[in-house]
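Please look over the sequence and the structure shown here before reading on, and keep both in view as the paragraphs lead you from one part to the next.

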Amino acid sequence: MFPWPALSCAPCSQEQPEEGRASIYRSVIINTSKEMMCFSDFPIPDDFPNYMHHSKIMEYFRMYARHFDLLRHIRFRTSVCRVTKRPDFAATGCWEVETESEGKQESAIFDAVLVCTGHHTDAHLPLHAFPGLDKFEGWYLHSRDYKSPQTFAEKRVIVIGTGNSGIDIAVELSHIAKQVFLSTKRGTWVMHRVAEGGYPFDFSYLSRFTQLLQSLLPLSVSNFMLERKLNMRFDHALYGLKPKHRVFNQHLTINDDLPNRIISGRVRVKPNIKQFTETSAIFEDGTKEDIDAVVFATGYSFSFPFLEDSVKVVENQVPLYKFMFPVDLEKPTLAFIGYIQPLGAIMPISEMQSRWATRVFKGLHKLPPTSTMLADVTQTKEKIAKR
């Protein structure tokens, strides 16, 4: 037997974010094209746009569930409270799963567990890194709590962070706010959705040929080529966004509108904030700006309280073999799906991860010895740290 999903598969799009669920703002549009993100056994309809609004993605998921008759296997509005090893785990690999729904608790035994809760649920809000914020008389919120720009009309707003959410929100606010400041600590490389000829960028660039080419070329050459292409659209240094890292060393940001909003003055790029006063922010370059509100687009952390001691998160990292399997379990009957930040769509990767995990659960594929998995985890961690 396999466990049911703990919650519905969509992030929360209601006005008030729900505890324990990912949350999105009204205007969210996916950063990967439908051609690259669909599941292999159910193509996205032809009349759907290449880059879909979140409502269309939800519609696609519902179509998929109906087509494969999955709804009868899903328990909605059900929280997983605890997932613990059975006393005979070393022999059977079985788990006891305790759930709660409408105040009623249940317990069931499962042969294996897939954790598919995602990593955009627990807001990372490093308030301690911003001296004076406790005296700030305006208001602040995390991007997880942002839904629409109306409450920011005619306000002077700082958005902290240049990830996808930060830039999306800054661009959206710039149409209604009095002034938007985009504060960045390290800068970022900005990729656009539309490539040459009007095709989706991932459809054009993420191919076996480009991957082969990158594997043959030195990394410095690949970095130079893509950075040159991105700077041809707009010079990142001129716009105050050029990062210290090379383009393939960290995840890119995807946005089509930011250069237009910067060049028109609606978004002003600023360095990291040194401190807050009652009514303003002072930046590391010594400049000072009066502000009314702050949006912290400072990312997310993740945790698995329902797993208790089975998996431990250290500095927002989990030691998983190939980002999926805990290395120290007596039986490989627990796997994590989607805990990876790819260049491109997560859906096909999650599909392949799920296929592999179920083959391991069934005993059709065996994992390497613990020592080999540990060595791989260490090597991967060191590689990421160098980048």
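Helix α2 (residues 54-67) holds both Glu59 and Lys56, which lie 3 residues apart, about one turn of the helix; helices here are DSSP runs (H or I, at least four residues) and strands are runs of E with at least two, numbered from the N terminus. An α-helix has 3.6 residues a turn, so residues three or four places apart point the same way. The side chains of Glu59 and Lys56 meet in a salt bridge at 3.3 Å, N to O, a salt bridge being a side-chain nitrogen of Lys or Arg within 4 Å of a carboxyl oxygen of Asp or Glu. Glu59 is partly exposed at 34% relative accessible area, and Lys56 is partly exposed at 24%, where buried means under 20%, exposed over 50% and partly exposed in between (1.4 Å probe, protein chains only).

The model is predicted, so local features need pLDDT of at least 70 and side-chain atom pairs count only at pLDDT 80 or more, while totals for chains, interfaces and linings use all residues. Residues are numbered from 1 along each chain as its sequence is written, and side-chain values use heavy atoms, with hydrogens and water left out.

A search of the whole structure finds 14 salt bridges. One of them joins Glu106 to Arg75, with the closest N and O atoms 3.5 Å apart. This pair links distant parts of the chain, since Glu106 sits in strand β3 (residues 104-110) and Arg75 in the loop between α2 and β1 (79-85), 31 residues apart. Another brings together the side chains of Arg86 and Glu96 at 3.9 Å, N to O. Arg86 lies in the loop between β1 and α3 (89-92) and Glu96 in strand β2 (residues 95-101), so the pair ties together parts that are 10 residues apart in sequence.

Which residues of α7 are buried? They are Ser222, Asn223, Leu226, Glu227 and Leu230. Seen down the axis of α7, these buried residues fall within an arc of 120 degrees, so they line one face of the helix; the arc is that of the directions from the helix axis to the C-beta atoms. The buried residues of α7 pack against β9 (190-191) and α6, contact meaning heavy atoms within 4.5 Å. On the other side of α7, Phe224, Arg228 and Met232 are exposed.
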